[in-house]
Amino acid sequence: MSVRELCTFSSLCERFSFTSTTSRVSKISTTSFSPQFPYRNSNSNLLPFFYLNSSSNLSCVEKSNLKLCRNRPKRVFRSCEREFLAQREEEEEEEVGDSDGVFDEETDYAVTDSFDIEEFEKEAKDAVREYAFSLSSELTIDVTNGQKQSGKKRRPKSSSKNIPDHLLPRVTIVGRPNVGKSALFNRLVGGNKAIVVDEPGVTRDRLYGRSFWGDHEFMVVDTGGVLTVSKSQANVMDELAITKTIGMDEIPLASREAAVARMPSMIERQATAAVEEASVIIFLVDGQAGLTAADMEIADWLRKNYSNKSIILAVNKCESPRKGIMQASEFWSLGFSPLPLSAVSGTGTGELLDVVCSELKKVEGVEIPSEEENYVPAIAIVGRPNVGKSSILNALLGEDRTIVSPISGTTRDAIDTEFTAPDGQKFRLIDTAGIRRRAAVASSGSTTEALSVNRAFRAIRRSDVVALVIEAIACITEQDCRIAERIEKEGKGCVIVVNKWDTIPNKDQKTATYYEQDVREKLRILDWAPIVYSTATTGNSVEKIIAAASMVEKERSRRLGTSILNQVIHEALAFKSPPRTRGGKRGRVYYSTQAAIRPPTFVFFVNDAKLFSETYRRYMEKQLRSDAGFSGTPIRLLWRSRRKTEKDGGRTANTSIQSPQAQRDRKILAAT
């Protein structure tokens with residue numbers, strides 16, 4: 001209960017333009033008085049509040065406290081006066097411009113006339129930008145194993161309207177393994193979205209990306225290498241470079257062999273699905289390797305089954321325009337008109353896009369959503385290998401969008417998929433590769449795995465909510481804690497998904513409670529994240545993941561009102577004041593505001609940020625969560641020291657000035 005509710009002092013407040021500060025005092029009568037000098041030292045028996053008027057009379061003092069003062073020796077009272085005056089002078093030195101200081105009736109913060117609200121808000125936004133820049137510099141995404149990340153220029157923005165992805169025509173790239181499909185995909189979408197390594201079988205799932213050429217906008221689909229049934233399984237395994245040892249120690253040999261045998265058919269099924277939904281098919285061949293039997297079989301397959309679609313034969317790896325014509329002439333026997341190009345250098349890609357756009361129809365009569373409606377939250381599904389990330393994605397979509405296999409490292413690229421929840425809200429689901437320890441990735445020597453982990457970290461950065469998937473039987477591991485630290489540092493909302501819940505034996509009503517306690521104890525950095533228990537293979541409770549992610553996104557995008565924020569901070573300071581230093585200094589909060597969302601970021605303007613220890617900052621964050629919510633999202637608390645040395649005309653602007661009111665109080669106390 002605040003002092004304002006216990007007593008009234010309107011006449012004196014009007015006289016001094018002063019509002020009482022918050023302090024814990026005993027209940028007293030409602031006689032008018034002005035508690036100008038709150039003495040909040042709980043370890044002393046001094047009079048907690050008193051006011052001395054111009055006639056040097058004590059007003060409105062509780063009888064018990066007055067009797068205590070009468071019975072106290074005079075020298076003790078004099079020492080109390082000296083101690084009080086010393087504290088008053090110290091607080092006056094800490095305040096900036098205290099002679100003009102007022103206490104805002106709404107916020108109960110010491111806001112001075114020299115600092116207006118607009119100045120605070122502007123400085124708060126600058127503080128958020130500085131923090132975001134420093135954080136992005138700290139959280140660099142490294143590409144290991146000697147891979148250098150080329151700094152490519154940004155592509156110019158499309159002049160066309162922002163049409164939803166599902167309404168754009170599809171352009172699918174197909175071909176046998178290691179002909180440069182992913183390199184051409186990156187060239188067309190203008191980025192480094194697909195993993196490009198000089199080894200076959202890198203791409204396995206369908207990968208989508210937006211592209212435009214002139215007035216046309218379309219979706220480009222990258223696929224895995226299409227295999228033919230004429231090859232033996234051993235040759236297929238060698239061509240796809242599928243390992244049977246890495247990450248498969250705990251899998252029985254029979255299951256391992258069966259999973260490896262199914263991999264080629266699953267990759268081909270993904271490519272077939274991409275071809276069926278395409279409006280234009282780019283059949284890519286290798287000009288340096290020449291015409292092969294696999295190319296002829298794929299050409300026959302496309303001609304027989306997809307003759308109603310536009311098929312463009314592109315001959316890749318033709319860096320020289322003069323030699324490219326000679327290399328392309330060999331492929332006339334396939335029954336298509338060959339077009340030489342180079343996906344690496346970009347030679348011939350303009351002519352290819354001209355032919356592609358001539359076969360596409362413009363999307364017209366589409367209602368373009370507004371900027372707010374166009375915002376689609378992204379949910380990244382991350383975790384260690386073989387915890388069921390792809391199974392969760394397939395269970396949510398109700399289709400085999402990605403390949404699911406017990407082989408470790410099956411998913412390599414970050415797979416983006418649009419998803420519409422039952423309530424109509426749209427999400428973008430991102431399936432990622434399993435993240436192993438850095439030492440394990442380095443020791444394996446696999447460049448593909450290193451780039452896959454790189455794509456997973458990028459998916460975390462461009463997502464809004466991260467679904468951290470853990471295995472129920474293994475609970476929290478050291479690698480889970482490291483991924484959780486990355487999520488918290490990136491400032492992303494999080495939902496902890498305990499998958500394979502059916503593997504826990506002898507479950508009862510208390511099993512989930514005990515399990516949650518164990519997770520909270522081991523994963524303290526994400527103690528604010530909700531926990532969902534699911535079984536992806538059966539589809540049990542997977543819909544709760546979307547419901548929890550939707551709630552987290554709303555909390556992450558919520559902006560706290562200024563009055564509510566002030567009330568929360570006011571109560572937190574009243575319950576526990578900032579500790580004093582050995583020199584007697586105490587932190588003071590001048591103003592606080594929420595400067596940003598996603599994640600919620602609060603800026604506190606204080607006299608000295610060093611006076612607020614890490615323990616007290618965690619206490620303030622805990623109070624914000626308990627009183628204002630923000631479940632499932634990290635919150636940032638930025639502390640800005642307002643006392644800066646700024647020289648103006650050869651003198652310091654923040655020089656401590658003794659206020660006339662403090663001088664008057666010293667004279668009155670000395671007279672008593």
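Modeller: Start with a loop. Thr-535 lies in the loop between strand S14 (531–533) and helix H18 (543–556). Helices (H or I, at least four residues) and strands (E, at least two) are DSSP runs, numbered from the N terminus. This is a predicted model: local features need pLDDT of at least 70, side-chain atom pairs count only at pLDDT 80 or more, and totals for chains, interfaces and linings use all residues. Residues are numbered from 1 along each chain as its sequence is written, and side-chain values use heavy atoms, with hydrogens and water left out.

Biologist: Is Thr-535 buried or exposed?

Modeller: Buried means under 20% relative accessible area, exposed over 50%, partly exposed in between (1.4 Å probe, protein chains only). Thr-535 has 3%, so it is buried.

Biologist: Which residues is Thr-535 in contact with, leaving aside its neighbours within four places in sequence?

Modeller: Contact means heavy atoms within 4.5 Å. Thr-535 is in contact with Asn-499, Lys-500, Trp-501, Asp-502, Asn-540 and Val-542.

Biologist: Now strands. Why is strand S12 largely enclosed by the rest of the structure?

Modeller: Seven of the seven residues of S12 (residues 465–471) are buried, so the rest of the structure largely encloses this strand. Both of its faces are covered. Val-465 is among the buried residues on one side, and Val-466 is among those on the other.

Biologist: Which strand pairs with S12 over seven bridges?

Modeller: Two strands pair if DSSP finds at least two bridges between them. Strand S13 (residues 493–499) pairs with S12 over seven bridges, in the parallel sense. Leu-468 stands opposite Ile-496 in S13. Strand S9 (residues 378–383) also runs parallel to S12, joined by five bridges. There, Ile-381 stands opposite Ala-467.
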